[in-house]
Each structure stands twice: as structure tokens, then as C-alpha cells.
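Me: I'd like to go through a protein model with you and ask where the labels come from. Could you set the values against the definitions as we go?

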Amino acid sequence: MKKYNFPVEATLDVIGGKWKVVILCILTGEKKRTSELKRAIPDITQKMLTQQLRELERDGIIIRTVYNQVPPKVEYSLSGYGKTLTKVLDFMCDWGGSHIEKRQQEGESIIITRKN
């Protein structure tokens with residue numbers, strides 16, 4: 001039995017960590033293959049990507065579709081339940097953009113290599 005002191009803890013239990021939100025932001029646009037996700041997130045290891053995808057699938061946030069062909073093809077997409085996070089992800093992206101602008105105005109050098 002899990003116990004949460006605040007509802008936001010349940011949210012963080014599902015999407016917390018360095019990479020899950022990034023993966024979800026990428027999947028809000030369209031289905032992606034594992035290799036496409038890896039290219040989009042060059043700093044993530046293959047092991048970590050696989051682990052994060054499995055956890056998101058286990059929690060019902062994403063759908064893993066395996067196509068019976070040679071070579072094997074696997075695609076990931078947001079589930080209907082995962083799509084309920086879209087507004088949260090949009091707000092996080094907007095806030096992050098504002099935060100970056102603020103830091104740049106304060107003189108910090110920040111490089112953005114990818115936009116959503």
C-alpha cells in the first residue's frame with residue numbers, strides 16, 4: 001500500500017525523474033520508435049531509456065506497439081490516460097521557457113538545443 005502526504009507526490013511517483021517528462025513531451029506530438037527517442041535525447045543511456053519507457057508503460061501512461069515484421073518495429077505513444085497529462089506538460093514547458101528567459105536576462109549563458 002502506498003501512502004502519499006500530498007496528491008502531487010502521486011504525480012511525481014509516475015512522472016518524476018530526469019527523463020520521463022522529456023519522453024512524454026516528445027510523445028505528445030506523435031508516435032516514436034525507440035531509436036527516434038534516443039536521437040531526441042542524446043544524453044540518456046539506452047538502459048535508462050528502456051527503464052523509463054517500461055515504467056511509463058507499466059503505469060498506463062504510454063502504449064508500446066510491436067509490429068510483427070522483419071526487422072522488428074516498436075513504437076511508443078501516449079495512451080488516453082497519458083494524454084490527460086498534456087496540460088501539465090504544456091504548463092511545464094511554458095514555465096521552463098519563461099525561466100530560461102529570466103536567467104538569460106540575468107546574464108546567464110543558456111543554450112537550448114531543441115524546442116518541443
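Me: Leaving aside its neighbours within four places in sequence, which residues is S79 in contact with?

Reply: S79 is in contact with G60, I61, I62 and I63. Contact here means heavy atoms within 4.5 Å. Before we go on: this is a predicted model, where local features need pLDDT of at least 70, side-chain atom pairs count only at pLDDT 80 or more, and totals for chains, interfaces and linings use all residues. Residues are numbered from 1 along each chain as its sequence is written, and side-chain values use heavy atoms, with hydrogens and water left out.

Me: Where does S79 lie, and why does S79 count as buried?

Reply: S79 lies in the loop between strand 3 and helix 5 (80–83). Buried means under 20% relative accessible area, exposed means over 50%, and partly exposed is in between (1.4 Å probe, protein chains only). S79 has 8% relative accessibility, so S79 counts as buried.

Me: What makes I63 partly exposed?

Reply: I63 has a relative accessible area of 39%, so I63 is called partly exposed. I63 is found in strand 2. Leaving aside neighbours within four places in sequence, I63 is in contact with E75, Y76, S77, L78 and S79.

Me: How many helices and strands does the protein chain have, and what counts as one?

Reply: There are six helices and three strands. Both are DSSP runs numbered from the N terminus: a helix is H or I with at least four residues, and a strand is E with at least two. From the N terminus on, the order is α-α-β-α-α-β-β-α-α.

Me: How do you know that strand 2 and strand 3 pair?

Reply: Two strands pair if DSSP finds at least two bridges between them. Strand 2 and strand 3 (residues 73–78) have six bridges, in the antiparallel sense, so by the definition they pair.

Me: How many bridges join strand 1 and strand 3?

Reply: Strand 1 and strand 3 pair over two bridges, again in the antiparallel sense. In one of them, K32 has Y76 as its bridge partner.

Me: What order do the strands have in the sheet, and why are two of them at the edges?

Reply: The sheet is open, with three strands in the order 1-3-2 and antiparallel pairing. Strand 1 (32–33) and strand 2 (62–67) each have a single partner strand, so one side of each is left without a neighbour in the sheet, and they stand at the edges.

Me: What lies across those strands?

Reply: Helix 2 (residues 20–27) lies across strand 1, strand 2 and strand 3, running at about 95 degrees to strand 3. For that angle, axes are lines fitted to C-alpha atoms (for helices, over the stretch in contact), and angles run from 0 to 180 degrees between N-to-C directions.

Me: Why is E75 called buried?

Reply: E75 has a relative accessible area of 13%, so E75 is buried. E75 has its place in strand 3, where five of the six residues are buried. Not counting residues up to four places away in sequence, E75 touches K31, K32, R33, I63, R64, T65 and Y67.

Me: Which residue lies over the face of Y67?

Reply: K73 does, at 5.0 Å from the ring centre. A charge sits over a ring if NZ of Lys or CZ of Arg is within 6 Å of the ring centre and within 35 degrees of the ring normal.
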